[in-house]
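Take a slow look at the chain before you read on. We will go through it piece by piece, starting with a single helix.

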Amino acid sequence: MSAPPQTTASASPSRPAGARAWTRSISRFLRRNPLATLGLVLVILILAATVLAPLLTPYDPIVIEIRNKFAPPSLDHLLGTDSFGRDVLSRILFGGRNTLAIGLLVVVIAFGVGVPIGIFAGFRGGRADAVIMRFVDAMLAFPSLVLAIALAAALGPSLRNAMLAVAITFTPQFARVARGQAINVRYMPYIEAARATGVGDLRLMVRYVLPNSLGPLLVQASLNLGSAILQTASLGFLGLGAQPPLPEWGADVAANTSFLRESPWVAIFPGLAILLTVLAFNLIGDGLVDWLNPRTRAGD
């Protein structure tokens, strides 16, 4: 009697089972961390609102209708209108695209520049580390917002220059965190074993040091994303960021602060958008700190 044909079906569910276990672990963690869940929900809602802005409001954010200026919140204009008759909700939704995109680009640029610098300095050590980190320390000696204001003023007022200014101020922070992680990793046994087999320094940094340093760097990125949005809005408030009539939350707050007594909605709602967005990313960052803590995840 011949044996039944063998199949490989029993080996295939391993990956889906691992994915399901990972999903259950995340689900349990989110249930135990309601603030992180709240931050994630807020970010999803804010992103969805900005992406679907043309479907959520029929008004153009830059078209002036002076006859409707300072219209209070109503069914026609849910958040009212500003001094030029522009719909406040429309400007918040479309302005959120600029603010969120700039915040994300700031973090991407700062991460892409600061992390390689920090990993190289920490992994190589010696004179290279001393020279690079003294320059980083000199940049960190300046308050980040003050340095961003100085750079934006030197580059000229525009949304792109504000983005570059904020990215430059955040780059040393990523370099500092990456250097600390590289120092912790470079003497690990697996690094010594890889070096003994002839693996070069560049490959060691890319294949071993960077992946094992991503946890704290991702926490730094999530926290800096909220700070980037806040600093970009601050530059817009000072007139160094987005220029009229481009919708942007910080610039809209600055343009309408003089009307707070008569028409408070024109400045309160853009400011509330900044508050909720920064709060959401900070809650996610705090949740990532707990998620990456082995003691917190011990029960997952």
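Which residues of α6 are buried? They are Leu147, Ala148 and Ala152. Buried means under 20% relative accessible area, exposed means over 50%, and partly exposed lies in between (1.4 Å probe, protein chains only). Before going further, note that this is a predicted model: local features need pLDDT of at least 70, side-chain atom pairs count only at pLDDT 80 or more, and totals for chains, interfaces and linings use all residues. Residues are numbered from 1 along each chain as its sequence is written, and side-chain values use heavy atoms, with hydrogens and water left out.

Stay with α6. This helix covers residues 144-155, twelve residues in total. Helices here are DSSP runs (H or I, at least four residues), numbered from the N terminus. From its first C-alpha to its last, α6 reaches 16 Å, close to the 16 Å expected at 1.5 Å a residue. That expected span is 1.5 Å times one less than the number of residues. Now look down the axis of α6. Its buried residues fall within an arc of 130°, so they line one face of the helix. The arc is that of the directions from the helix axis to the C-beta atoms. What covers the buried residues of α6? The cover includes α5 (126-140), α7 (159-185) and α10 (214-237). Just after α6 comes Gly156, with a positive phi of about 110°.

Next, the nonpolar core. Such a core is a set of buried Ala, Val, Leu, Ile, Met, Phe, Trp, Tyr and Cys residues joined through side-chain atoms within 4.5 Å. The largest one has 56 residues. Val106, Val166, Phe174, Val209 and Leu235 touch the most other members. Helix α4 gives the most to this core, with 13 residues. In soluble globular proteins, nonpolar side chains tend to be buried together. Take Phe174 as an example. Leaving aside its neighbours within four places in sequence, Phe174 is in contact (heavy atoms within 4.5 Å) with residues including Val107, Phe111, Val115, Leu217 and Asn224.

Now turn to charge. Side chains of opposite charge can pair when their charged atoms come close. A salt bridge is a side-chain nitrogen of Lys or Arg within 4 Å of a carboxyl oxygen of Asp or Glu. By this rule, the count comes to six. Asp252 and Arg91 form one of them, at 2.9 Å from N to O. Asp252 lies in helix α11 and Arg91 in helix α4, so this pair ties together parts that are 161 residues apart in sequence. Asp252 is buried, at 6% relative accessibility. Arg91 is buried as well, at 4%.

Asp129 and Arg179 form another salt bridge, with their closest N and O atoms 2.7 Å apart. This pair also links distant parts of the chain: Asp129 is in helix α5, Arg179 in helix α7, 50 residues apart. Asp129 counts as buried at 10% relative accessibility, and Arg179 counts as buried at 18%.

Asp137 and Arg134 meet in a salt bridge too, at 2.8 Å from N to O. Both lie in helix α5, three residues apart, about one turn of the helix. Asp137 is partly exposed at 27%, and Arg134 is partly exposed at 47%. Arg134, Asp137 and Arg176 are linked in a network of salt bridges.

Aromatic rings come next. Rings of Phe, Tyr and Trp (its six-membered ring) pair if their centres lie within 6.5 Å; planes under 30 degrees apart count as stacked, over 60 as edge-to-face and the rest as tilted. The structure holds three aromatic pairs. In one of them, Tyr190 and Tyr208 are tilted, at 6.4 Å centre to centre and 40° between the planes. Tyr190 lies in helix α8 (residues 189-196) and Tyr208 in helix α9 (residues 201-209), so the pair ties together parts that are 18 residues apart in sequence.

Finally, look at the backbone. Most residues other than glycine have a negative phi, and most peptide bonds are trans. Phe70 has a positive phi, near 55°. Phe70 lies in the loop between α3 (53-56) and α4 (88-124). The peptide bond from Pro244 to Pro245 is cis, with omega near 5°. Pro245 is found in the loop between α10 and α11 (249-256).

Technical notes. Helices (H or I, at least four residues) and strands (E, at least two) are DSSP runs, numbered from the N terminus.
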